[in-house]
Amino acid sequence: MHKLSQKLALIITNSSYLDDMSEMVSYSLEAILTTSITAISAFLLTAYTDCVLEYLIFNACFIPIRIRHKSFHFKKFIQCFICSNLMILLCCLILKYIPYHNTVIPLLFIFLTSHFYLSIERNKFETFFIAIIFTLSLFFNKTISLAILLSVSMNTILMLGRLYNEKNIKHD
């Protein structure tokens, strides 16, 4: 994906070598291409498993949380592609087929506390906002509350991955 975006950037910028402008275009193209390909394939997977509504609900909860925090990123697109699609599909299947129980309520607060302390940003307002939205969603749509729980837990796992990588990179 990186080489493809570089070649496209050279065409777009009408350059024969990578300069600052073509590097910036290349970086943007790579982000757009990888995100689009992953999102489309995840959508197709969830459509195949009849989980489109769950896909939309999960992404509406997960994306705002994911983009606000520094967390784990794979170095290779294929790794990211496979793991992202599996994670999204798993979360959508859980939303569709696992019945909601009130016993998951304490899990959100455990994951939310972990999420707060693992994040570099440690945004109290955001954490409080997620807790409020989760609590309100318990009254009108349990699928949304479960999607919030899954989103916070997935992002917490990704932040643990970031910490693991940082720890191992420092010791190498």
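Which residues lie nearest the centre of the largest pocket? Thr-35, Arg-66, His-73, Cys-80 and Ser-84 do, among the 31 residues that line this pocket.

## Basis of the report

This is a predicted model, in which local features need pLDDT of at least 70 and side-chain atom pairs count only at pLDDT 80 or more, while totals for chains, interfaces and linings use all residues. Residues are numbered from 1 along each chain as its sequence is written, and side-chain values use heavy atoms, with hydrogens and water left out.

## The largest pocket

A pocket is an open set of points on a 1 Å grid over the protein atoms alone, where a 1.4 Å probe fits and protein lies on both sides within 12 Å along at least five of seven lines; lining residues have an atom within 4 Å of a point. The volume of the largest pocket is about 1,100 Å³, a volume being the space filled by probe spheres set on the points.

The elements giving two or more residues to the lining of the largest pocket are α2 (20-48), α3 (52-67), α4 (77-97) and α7 (142-171). Helices are DSSP runs (H or I, at least four residues) numbered from the N terminus. The lining comprises 19 nonpolar, 8 polar and 4 charged residues; Ala, Val, Leu, Ile, Met, Phe, Trp, Tyr, Cys and Pro count as nonpolar, Asp, Glu, Lys and Arg as charged, and the others, Gly among them, as polar.

## The second largest pocket

The second largest pocket has a volume of about 220 Å³. Its lining includes Arg-68, Glu-126, Phe-129 and Ile-133, and α3, α6 and α7 each give two or more residues to it. The lining divides into 9 nonpolar, no polar and 2 charged residues.

## Salt bridges

The structure holds 2 salt bridges (a side-chain nitrogen of Lys or Arg within 4 Å of a carboxyl oxygen of Asp or Glu). In one, Glu-126 meets Arg-68 at 2.5 Å, N to O. Glu-126 lies in helix α6 and Arg-68 in the loop between α3 and α4, so the pair ties together parts 58 residues apart in sequence. Glu-126 is buried, at 10% relative accessible area, whereas Arg-68 is partly exposed, at 44%; buried means under 20%, exposed over 50% and partly exposed in between (1.4 Å probe, protein chains only).

Lys-96 forms a salt bridge with Asp-50, the closest N and O atoms being 3.7 Å apart. Lys-96 belongs to helix α4 and Asp-50 to the loop between α2 and α3, 46 residues apart.
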